[in-house]
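The sequence and the structure are shown first.

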Amino acid sequence: MASLDKILRKGKAFILAYDQGLEHGPVEFNDKNVSPKQIIDIAKNSGVTALALQKGPAEKYRKEIKASKIPLILKLNGKTRMYKGEAFSPQLCTVEEAIKLGAAAVGYTIYFGSEEEWRMLEEFEAIEKKAHAKGLPVIVWSYPRGKSLEKQLKTQKGKNEIMAYAARAAFEVGADMVKIQYSGDPKALKWAVKSADRCKVVISGGVKEGEKAFLKDLKDIMNAGASGMAIGRNIWQHDNPREITKKVSKIIWGRSKK
Ligand code: FBP
């Protein structure tokens with residue numbers, strides 16, 4: 001198993017996600033967060049253990065990322081919101097490019113359940129093999145999606161089952177860490193973490209929420225045994241990103257049970 005040590009502190013991760021420029025578009029940004037430079041500044045000496053980027057920003061801000069000493073997670077696939085077909089996220093970057101950019105880990109989204117699932121599994125298999133041969137850990141953004149899941153994802157029971165399946169499927173295909181979306185049920189998350197076995201589970205931040213609700217979820221998530229968070233909008237869309245970053249770090253390292 002490739003070591004995740006570079007992106008963990010005391011076994012926990014706080015990943016700052018900034019691939020939304022491709023996934024959602026600049027509609028998510030404002031004058032304070034539209035540049036990767038601003039995000040690197042938020043992450044510096046803040047408790048953040050890694051920054052997740054697409055290839056373009058990672059290449060153009062290579063010098064700043066290196067100087068910040070924040071480990072880089074390079075996302076190897078992605079898609080835009082302009083695309084309306086059955087969920088599919090094609091590979092945009094290789095393991096070799098990630099290594100050249102000094103990445104500490106690579107990330108890949110799999111939309112389990114999509115009609116295109118097999119294509120992502122094929123691409124992922126090649127990436128996982130290459131990355132592990134080079135000692136690079138692999139993180140799966142495990143986001144079950146697609147027409148076949150629409151009905152199941154409408155109920156809490158369905159959401160819980162799918163969350164655990166997302167975590168387990170990533171473990172089965174060789175991921176070292178899996179990033180899943182929280183169903184809102186801490187007991188179900190505990191089962192998802194157990195299902196992921198030796199694959200570490202981090203939770204994705206989601207759309208910007210009120211701070212109180214966001215921090216409450218975060219406490220529940222850490223107490224359920226997650227290994228950390230991979231947050232984007234709830235940090236850099238916050239009025240005071242440095243302040244919320246500190247609060248998140250305090251919960252990740254201060255309050256969790258394991
Ligand atoms: P957020 O914390 O902003 O939700 O970011 C997490 C993330 O996984 C990003 O890495 C990614 O760009 C985005 O969510 C994808 O979200 P979706 O596919 O749900 O639009």
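## Basis of the description

Helices (H or I, at least four residues) and strands (E, at least two) are DSSP runs, numbered from the N terminus. The model is a predicted one, in which local features need pLDDT of at least 70 and side-chain atom pairs count only at pLDDT 80 or more, while totals for chains, interfaces and linings use all residues. Residues are numbered from 1 along each chain as its sequence is written, and side-chain values use heavy atoms, with hydrogens and water left out.

Ala2 has its place in the segment before strand S1 (13-17). Ala2 is buried, because its relative accessible area is 8%, where buried means under 20% relative accessible area, exposed over 50%, and partly exposed in between (1.4 Å probe, protein chains only). Along the chain Ala2 and Lys219 are 217 residues apart, and their C-alpha atoms are separated by 28 Å.

## The ligand and its shell

The ligand is surrounded by 18 residues, of which the closest are Asp19, His24, Tyr143, Lys179 and Arg233; a residue counts as near a molecule or strand if one of its heavy atoms lies within 4 Å of it. By class, this shell has five nonpolar, seven polar and six charged residues, with Ala, Val, Leu, Ile, Met, Phe, Trp, Tyr, Cys and Pro counted as nonpolar, Asp, Glu, Lys and Arg as charged, and the others, Gly among them, as polar.

An N or O atom in the side chain of Lys179 is 2.6 Å from an oxygen atom of the ligand, and for the side chain of Gln181 the corresponding distance to a ligand oxygen atom is 3.5 Å. Helix H1 (20-23) and strand S8 (228-231) are the elements that give two or more residues to the shell.

Strand S2 (residues 50-53) runs parallel to S3 and is joined to it by three bridges, two strands being paired if DSSP finds at least two bridges between them. Leu51 has Leu72 in S3 as its bridge partner. Both faces of S3 are covered, with Leu72 and Leu74 on one side, Ile73 and Lys75 on the other, and all of them buried.

Strand S3 (residues 72-75) is in turn joined to S4 by three bridges, and these two strands also run parallel. Ile73 stands opposite Ala105 in S4, and Lys75 has Gly107 in S4 as its bridge partner. Together with helix H5 (residues 95-100), S3 and S4 make a right-handed β-α-β unit; a crossover is right-handed if, with the strands pointing away from the viewer, the path from the first strand over the helix to the second runs clockwise.

Strand S4 (residues 105-110) is mostly covered, with six of its six residues buried. In a regular strand the side chains alternate between the two faces of the sheet. Ala105, Gly107 and Thr109 point one way from S4, whereas Val106, Tyr108 and Ile110 point the other way, and all are buried.

S4 runs parallel to strand S5 (residues 138-142), to which five bridges join it. Tyr108 has Val140 in S5 as its bridge partner. The chain crosses from S4 to S5 through helix H6 (residues 117-133) in a right-handed β-α-β crossover. The loop between S4 and H6 holds Glu116, which is buried with a relative accessible area of 17%. The side chain of Glu116 makes a polar contact with that of Arg119 at 2.7 Å (a polar contact is a pair of N or O atoms within 3.5 Å; within protein, one must be able to donate a hydrogen and the other to accept it, and residues adjacent in sequence count only if both atoms are side-chain atoms).

Five of the five residues of S5 are buried, so S5 is largely enclosed by the rest of the structure. Val138, Val140 and Ser142 point one way from S5, Ile139 and Trp141 the other way. S5 and strand S6 (residues 177-180) pair in the parallel sense over three bridges, with Met177 in S6 as the bridge partner of Ile139. Here the chain crosses from S5 through helix H7 (residues 156-172) to S6, and this β-α-β crossover is right-handed.
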